[in-house]
Every structure is written in C-alpha cells, then in structure tokens.
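User: I'd like to learn how to read the packing in a model like this one. Could you walk me through it?

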Amino acid sequence: MNIVVCLKQVPKKDSILRIGADGKWIDERDISYEMSEADAYALEEALRQKEKHGGEVIVVTLGPERARQSIKEALAKGADRAIHLFDSVFDTATDSAAVARAISAALKDEKYDLIFTGLQSDDYGFAQVGLILAEHLALPSATIVMEVQPEDGAVRVKRELESGWFQWVRLPMPALLTIQSGINQLRYATLKGIMAAKKKEIREVKSADIGLTADDLQPHQVIERAYLPEKTKRTEFIEGKPAEAAAKLVEKLRFDARVI
Amino acid sequence: MSQGILLFIEQRDGVLNRTSLEAMVAAQGIASATGEKLSAVVLGKAIGGVASEVASKKLYAVQTVQDDKLAEYTPDAYVAALKQVIQKLDPRFVILSHTYQVRDFAPRLAASLGKTFITDCVGFRVEGSEVVFTRQIFQGKINTDVRVVAEAPILASFQAGSYRADKAEAGDSPAAITVVAVDLTDVQIRTQLEPKFQEAKQAVDLSQAPLIVAVGRGIKSQENIEMIQRLAEAMGAEIAASRPICDNEWLPMDRQIGSSGQTVSPKLYLAIGISGAIQHVVGMKNSQTIVAINKDGEAPIFDIADYGIVGDLFDIVPALTAEITRVKSEGS
C-alpha cells in the first residue's frame, strides 16, 4: 500500500512571534522551524500502515529551502522518498487553493492508495489543502481521522465529530484522509534512520516542470494586516519571586475575586 | 451578477446546530452593511422544523433542499447539492459556521465551484461594498485582516463563539420558506456510514466543578502531572487538561477541556502551562475568574486571563501549593 503524506514546515510551537516590518506577517528572523504537528501525526500513521501492510511512504512538501530539514527528518523516520516543490514561483502560493493546485500537479504521475495530510497547519490553519487536493484528484475524502483500517480495496476510518462523538466511515481507495493530532505516538528518528535517509531520494520539482507559472498560483486571499489580538480582559500580572507571586495570587483570589 | 448572501444552516436529525445562529449574526451584519438580502439554506430530509425555526429570524427567505441522499450527512451529497444551489442562486457571499461538518465538505465545495473559501473567521468589516475578514493564525496568537481578490461567490466560515447565538435578530414576520430543486440522481455517494457513537460515558462531569486546575503541554512529562495533582488537592479542585495531555494519556480523556472535550465555566479556572489555543479556549473562556501561569508572556491564554504569572511553572506551582496549604491551615 503506497501512501503520500503532505508535510508542511512551520515555525516552532513555542516561538515568540512578533509582527514583521511590513505589518503583514511575522518577523521571521530568529525563528526556528519544525514539521507542523498534525502533519507529523499523519506521517507517523503512514509509517505504521506501511509497517503493517508494506508499500511505500512518499512525502510531498511545498516550501523554501529550509523545508528540506523537515523532509530529511521524515526520511530519517522511515519515509521512502520525497518530493520537494521548491522555487521562487511556489513562494507566491500562499493560500490553500494555490498550494493544492501545485501539489496535485506534482502528484499527477504518482501511484498511491492513500493520501494523508494533517487536519490543519499550525501557521495559517486553513484546514483546506487536503480537501481541495481530493477534489482536484477526484478522490473520496474523510477529515479529522482518529483511526485508519485498510480493508480490501477500501479504508475504514474513525472520524471525530464534535462534543465527544465519533463515526466510522468506509471509503473506496484511493482516498484522502486528514489526520487528527494525537492519533498515535510519534517516533523519534534513530541514528540508523538518519544514516539511511542520506541515500533516499528527494526529488526537487520546479514550477516549470509541472507547467505552472506565478499567475497560476496567485493567492485569492491576501493578508493586508497582521497584528496582535486585542485582549478581551485586562490581565493583572503578578510579579515577584515564586513564593512572593504565589502569596500575592492567593490573596487576590481570596479577597478580590473571592473564589477560594 | 452575483447578489445576496446565503447562510448555510447545519442540522443533524432535525436539530439545528446552535453555531449556525452564531454565523447568522455575522451574516445579518454583513447583509445590513452591504445592503444585500440574506437567505438561509437548509439541507436534509425531514427539515421542516429547522426551516421554521430559522424563518423566525430576520432574513429574506429560507431555502430548503430535500432529498433522500441528504438524509444523513455525506461530503459527496452535500457538495453536489450545495453546488447546484449556489449556481442557481448566485450569491455574493456564502456564510458558514466553522464546524467539523463544514470543515469536512466546504473546502471541496469551494474547489468544485472554483471559488475561494476563507475559513475560521472571527470578525469582519465592510469597506464600501467590500468585506474584509479577520482570521487568526498561529493558533490564535496573531490576527490578520484578509482581503479577497477573487470573483463572487466568496465562501467564509466563522469560528464557534465569535458571535453570540442569542444576538441573531428575530424577524418582524416569518420569512418565506421555499424549495430549491436539486438533481442528485447521478451523484455517487462514496462514503459508507456506520452509526455515530460516544467513546465512553463521561465518568467525570467537570461542568459542575467550582474550582478547576488545568494543565497543558508546558508540564513537559508525565511524572510532572503529580505536582499539578498536589496543587489541585490542596485547593480542593478538580484536575483537567488540554488535549495534548489526554492524547499522551497522562490524564484520562474525560479530563479534557475544549472543543473535543468538555465545556466548563467554574468560579476559578487555573491554567498551568496552557498556551490558550482556540480549541482549548472555547471550552473554558466563560469561567468566572481565569488565572494563567505560563513562561510565554504573549501566550494567547493571557488575552482572557484575569490574573497572570509569567514564569517557570516548575517554580511557581510548588510555591502556590505551599501557600494554599499554609492559608488553609491558618484559616481553619
């Protein structure tokens, strides 16, 4: 069973984010990057399925040069090969429709049974690339998937609904699934894996290779301003050494808020 | 030319999803600011009750789409039906609530129409005849104002809790309920459904707890949970957690607060090492008093906290436990 996993590289979760000089995005200086969390779970699920059922895990990433680090990590964890959509034209693809268009073109000649994406990225959080991809590739889809059970020619998946409800659904393969964070336990790359990854293929795809120009990838949604959210409450910050801050907080909770 | 606004109403087994009324508040606002007429659309099989409930609100019309293939939700049938409705009505905007169901079909719907879909908005403003949408990125840490450079219809979904359902304006008289005919005979539904279920009966009902101590990713490892348990015990509080903690099974699932867990509004909610991702915040933001302890002073949890301590929870929590214990022994 061959599984394609769409991976995105995003700023690390604990990054301190500041608004950039143009006021339209974050200041990317001093930011470190990692695999978007839900995508890491999607990769892990693909590796587990491969270990059970055989086949190949192919990672596809659209992103700048630094994204290669996350691709290498995926290969070190056990993915078999990677496709990296990488040139300046792809940089214009900042909305889901443009990214999905590019990835669907890059997957045209691939043979797969399943495509996994994370349910949404930790940066833009559009939660759309997977489904748009499914529409372009005419695949059935299921989102927010908590468990994956391949069957003969089909896949049975457990979907998370709201408020603690779930539902199993069955889709014919090939199919696209968006994977929920926490579906499995993530592995670390082993030293052996890291060594093995050095020999694995990372195929670079340029926009011209798949017949796309900057015009094709123009975003339809443009951020005109990025800013820190206004606080809905005025937080009273309590300072001092731990014991001092604890004493002040307890006093506030007892005598001002009167909740303990 | 595209005109009007179409609001998608979500229903399950003939019960209206409340978040559709929240999205209605946004839709009514956009309608009045742009002078466009607002209609709602309900899909399903037995939807008369939902349609009349919606028709009592301030809108121009309720469009109903009934078909056997829409009796149970599937993405294939919903995409096909709504695509026909949108092509027929040609609205300028299609407004949805950003629910799990909408997330499951609306991106496909937009792609099949070749249109753009702005997801998970928390606000909007109208400039002339243009609508600028506000959405959050980096899990609520940063807001963005987003301009659309695409032709109508424009699809936009609003995050749960961005508007209050009870602010949806009632109409002077019931809106007309009309039927939109769709032809789904050729639509192949590829998803086979099994019955919906709940994992386990929730053993713990946190909604009744007056005091809650909640722990998040900042706790770093399972061994450290005990430190939080000691604090909760000292306070006489229930312990709760954000999703990553329960995913790691450091605490059971029935302790989870947020969109996929429980919704609570205790007298005191003490959030320790919780950054305040929106999926967590929707489950606790109505708490009477919120205290946040986090090493990142810009974590979104501080946007809703009454009291905050910026610092290392591994220093502060033991100090707090000691202080509570001391005060309690004195007070008795």
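**Helices, strands and how they pack**

Analyst: Start with helix α1 (residues 18–34) of chain B, which lies across β1, β4, β6 (93–97), β7 (117–127), β8 (130–137) and β10 (154–158) of chain B and runs at about 155° to β6(B). Helices (H or I, at least four residues) and strands (E, at least two) are DSSP runs, numbered from the N terminus. Angles run from 0 to 180 degrees between N-to-C directions, with axes fitted to C-alpha atoms, for helices over the stretch in contact. This is a predicted model: local features need pLDDT of at least 70, side-chain atom pairs count only at pLDDT 80 or more, and totals for chains, interfaces and linings use all residues. Residues are numbered from 1 along each chain as its sequence is written, while chains are lettered from A and ligands numbered from 1 in the order written.

User: In what order do the strands of the open sheet run?

Analyst: Strands of a sheet pair through backbone hydrogen bonds, either parallel or antiparallel. Here the ten strands go β12(A)-β9(B)-β8(B)-β7(B)-β10(B)-β6(B)-β1(B)-β4(B)-β5(B)-β11(B), with mixed pairing (at least two DSSP bridges between two strands). β12 (221–227) of chain A and β11 (176–179) of chain B are at the edges, each with a single partner strand, so one side of each has no neighbour in the sheet.

User: At what angle do α4(A) and α4(B) pack?

Analyst: Two packed helices are described by the angle between their axes and the distance between the axes. For helix α4 (residues 129–136) of chain A and helix α4 (residues 100–113) of chain B, that's about 45°, with axes 8 Å apart.

Key:
Contact = placed C-beta atoms within 7 Å.
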